[in-house]
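Open the structure in a viewer and keep the selection tool at hand. The stops below say what to select next and what is there.

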Amino acid sequence: MHGSIEVNHLAKTFKKGNVQAVKDVSFTVNEGEFFAFLGPNGAGKSTVVQMLTTLINPTGGEAFVAGYNVSKDPGKVRRHIGVALQETGVDPDLTGREMLELQARIFGYQKQSAKHRADELLEIVQLTEDASRKIGNYSGGMRRRLDLALTLVNEPKILFLDEPTTGLDPTNRMAIWKELERLNKQVGTTIFLTTQYLEEADSLADRISIINRGLIVASGTPQQLKSQIGNDLITLTFTKEADLHEAEAVLKENLSTVDLIVQNGKLNVYVHEGNKQLLQIVRLLDEHKIELDTTNLSSPTLDDIFLKITNEPEEGEENGQ
Ligand SMILES: Nc1ncnc2c1ncn2[C@@H]1O[C@H](COP(=O)(O)OP(=O)(O)OP(=O)(O)O)[C@@H](O)[C@H]1O
Ligand SMILES: [Mg+2]
């Protein structure tokens with residue numbers, strides 16, 4: 001219960017400009033789960049994070065974090081969570097170590113244990129060497145890592161991270177991924193992460209919801225989302241053109257569950273479980289003495305579903321916005 005998030009028909013309309021940033025969003029994150037909230041710019045991700053972390057009030061629906069209603073019990077919610085927002089306000093004149101010690105003191109650490117905790121966290125996010133530099137002079141990646149360290153000070157049960165890796169180079173991104181995985185798998189921290197990066201959601205999350213224009217448009221495990229758009233694609237080419245048509249006939253006759261399309265002198269075969277099917281296809285063609293030139297197996301990525309879903313026009317919006 002204390003590590004869970006429950007969201008029912010959550011909505012937020014900003015008075016300014018009458019923007020319906022979040023229209024109707026429901027989902028549950030179980031204790032210890034790694035949940036990714038994926039969506040393009042302006043989808044409503046940060047608005048949801050801000051409501052769940054009690055920074056702004058919903059205008060519709062309700063949400064429970066760590067078992068507490070975010071509107072009615074914001075203080076209790078805050079005690080159980082750590083938050084790294086997209087836009088953070090930290091004092092640029094403080095050093096990284098000072099900022100961490102300050103945060104630890106705010107959470108009730110005594111002076112010595114605050115120092116100790118700061119050192120521990122600096123080590124975890126690999127900022128020990130830069131701990132005495134002013135935050136104002138940190139690079140973007142260093143700032144992100146400091147933000148993460150700051151959210152970990154009080155060992156929260158639930159961690160909210162709003163695009164924690166946007167703009168990071170691959171090395172820094174991997175370092176953050178590793179730390180988030182450690183927190184989730186070893187410490188049991190529930191993680192709610194927003195991202196625009198599909199491969200990030202794919203490799204980290206147990207479950208993903210895709211949000212677009214304030215509505216959830218798809219939900220499931222990375223595997224489920226991928227299988228929604230289905231199929232692996234096997235592309236075959238042949239040394240002789242006659243073989244292409246013979247191959248098409250052979251496969252049509254012997255494989256019941258495939259779609260075959262001839263395109264640009266290639267035979268495209270859409271299948272489930274591409275690895276297994278590829279072996280069988282090669283065997284079949286060999287038996288029929290059909291000479292293959294090349295084979296290629298490609299799996300669908302989350303990119304495909306993301307692009308497909310987020311490009312679909314909203315109902316009644318076909319004429320543009
Ligand atoms: N304080 C505000 N007042 C008015 N409109 C707002 C406010 N905050 C956000 N919006 C609008 O709400 C919509 C959703 O914004 P939000 O910041 O939640 O998107 P996001 O998914 O986090 O996008 P990004 O990936 O760019 O961070 C946008 O149209 C945005 O302009
Ligand atoms: Mg945002």
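Start with ligand 1 and the residues around it: the shell divides into five nonpolar, seven polar and three charged residues. The model is a predicted one. In all, 15 residues surround ligand 1, and the closest are N41, G42, K45, S46 and T47. Colour strand 2 (19-29) and helix 1 (45-52), each of which supplies at least two residues of the shell. Helix 1 gives the largest share, three residues.

An oxygen atom of ligand 1 lies 2.5 Å from an N or O atom in the side chain of T47. Taken alone, ligand 1 exposes 640 Å², and the protein buries 67% of that.

Move to T95, in the loop between strand 6 (81-84) and helix 3 (96-106). Is T95 buried or exposed? Its relative accessibility is 13%, so T95 counts as buried, the cut-off being under 20%. Leaving out residues up to four places away in sequence, T95 touches A131, S132, R133, K134 and I135. With A131 there is also a polar pair: the backbone oxygen of A131 lies 3.5 Å from a polar atom of the T95 side chain.

Now select helix 3. Its buried residues include G96, M99, L100, E101, Q103 and A104. Helix 4 (111-124) and helix 5 are among the elements that cover them. Just after helix 3, stop at G108, which takes a positive phi of about 95 degrees.

In soluble globular proteins, nonpolar side chains tend to be buried together. Here the largest nonpolar core has 42 residues, and those touching the most other members are L100, L161, L180, I191, L193 and I208. Helix 5 (residues 140-152) gives the most to this core, with six residues. Not counting residues up to four places away in sequence, L100 touches A118, L121, L122, L146, A149, L150 and V153. For a second, separate core, of 25 residues, select L10, F37, V49 and V65, which are among its members.

P58 lies in the loop between helix 1 and strand 4 (60-65). With 18% relative accessibility, P58 counts as buried. For a sense of scale, draw a line from P58 to A205: the C-alpha atoms are 26 Å apart, and the two residues are 147 places apart in sequence.

The last two stops concern backbone angles. Most residues other than glycine have a negative phi. Select N18, in the loop between strand 1 (5-14) and strand 2. N18 is not a glycine, yet its phi is positive, about 50 degrees. N18 counts as exposed, at 60% relative accessibility. Then go to E155, in the loop between helix 5 and strand 7 (158-162). E155 also has a positive phi, near 45 degrees, and counts as exposed at 56% relative accessibility.

Definitions and conventions. Residues numbered from 1 in each chain as written. Chains lettered and ligands numbered in written order. Predicted model: local features only at pLDDT ≥ 70, side-chain atom pairs only at ≥ 80, totals over all residues. Heavy atoms only, no water. Near = heavy atom within 4 Å. Polar contact = N/O pair within 3.5 Å; in protein donor to acceptor, adjacent residues only side chain to side chain. Areas by Shrake-Rupley, 256 points an atom, 1.4 Å probe, with all protein chains shown as cover. Helix = DSSP H or I, 4+ residues; strand = E, 2+ residues; numbered from the N terminus. Nonpolar A, V, L, I, M, F, W, Y, C, P; charged D, E, K, R; others polar. Buried < 20%, exposed > 50% of the residue type's maximum accessible area, 1.4 Å probe, protein only. Contact = heavy atoms within 4.5 Å. Core = buried A, V, L, I, M, F, W, Y, C linked by side-chain atoms within 4.5 Å.
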